[in-house]
Amino acid sequence: MYGSFDAGLLYEVLALSPPWYVREVGFDDETGNTVTVTLEFTVGSEFTCSTCGADGCKAYDTFPKRWRHVDFFQYRCYLRAYSPRVVCPKCGIRQAKIPWARLRSRVTYEFEEYLVNLMEELPSYRALARIVGEHDTRVRRLVKALTERGP
């Protein structure tokens, strides 16, 4: 158990698989309405190059990153992890493919899908922004980029 969360439930909800695992789940003490799930990977793991798709790339270094995820019950949810860069034999040093988000994205695939589905039912970006607790300009940019790009 992590606080009041069952790790098995988080693995299912986040569709995590090795080398990724849940290290910690914590609540934001300031607002009380945010939960942050900290993810880590097993040292020595291999990853996929996000540029060419080559598998078996070793981590070169990492940097901290945070992604907005769909709300977890009444709590705004963020994933936090050290995102690896890898040494790709074809491309050199590149960002590793992260299983829960697009390259350079600050939101998860699930949050993207949630926005697009809600936008189909709502009258405006402002209404959508109010529901998800984000700025309407950010929501507009995300939804437009996703609908123009496609799946």
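These are legends for a handful of close-up views of the predicted model above. Residues are numbered from 1 along each chain as its sequence is written, and the model is predicted, with local features needing pLDDT of at least 70, side-chain atom pairs counting only at pLDDT 80 or more, and totals for chains, interfaces and linings using all residues. Side-chain values use heavy atoms, leaving out hydrogens and water.

**View A. Strand 2 and its two partners.** Helices (H or I, at least four residues) and strands (E, at least two) are DSSP runs, numbered from the N terminus. Strands count as paired if DSSP finds at least two bridges between them. Strand 1 (residues 20-27) runs antiparallel to strand 2, joined by seven bridges; look for Y21, whose bridge partner in strand 2 is E40. With strand 5 (residues 75-88), strand 2 pairs in the parallel sense over six bridges, and here V37 stands opposite L79.

**View B. The largest nonpolar core.** A nonpolar core is a set of buried Ala, Val, Leu, Ile, Met, Phe, Trp, Tyr and Cys residues joined through side-chain atoms within 4.5 Å. The largest one here has 25 residues, and W20, V37, L39 and W100 have the most contacts inside it. Two or more residues each come from helix 1 (7-14), strand 1, strand 2, strand 4 (57-72) and strand 5. Strand 5 gives the largest share, five residues.

**View C. Zooming in on W100.** Contact means heavy atoms within 4.5 Å. Leaving aside neighbours within four places in sequence, W100 is in contact with L16, W20, L39, W67, L79, A81, T108, Y109 and E110. Elsewhere, a second, separate core of eleven residues includes L115, V139, L142 and V143.

**View D. Helix 3 and what it packs against.** Helix 3 spans residues 125-132, and A127, L128, A129 and V132 are buried there. The buried residues of this helix pack against strand 4, strand 5, helix 2 (109-121) and helix 4 (136-149).

View E. Y60 sits in strand 4 and counts as partly exposed because its relative accessibility is 47%.

Technical notes. Buried < 20%, exposed > 50% of the residue type's maximum accessible area, 1.4 Å probe, protein only.
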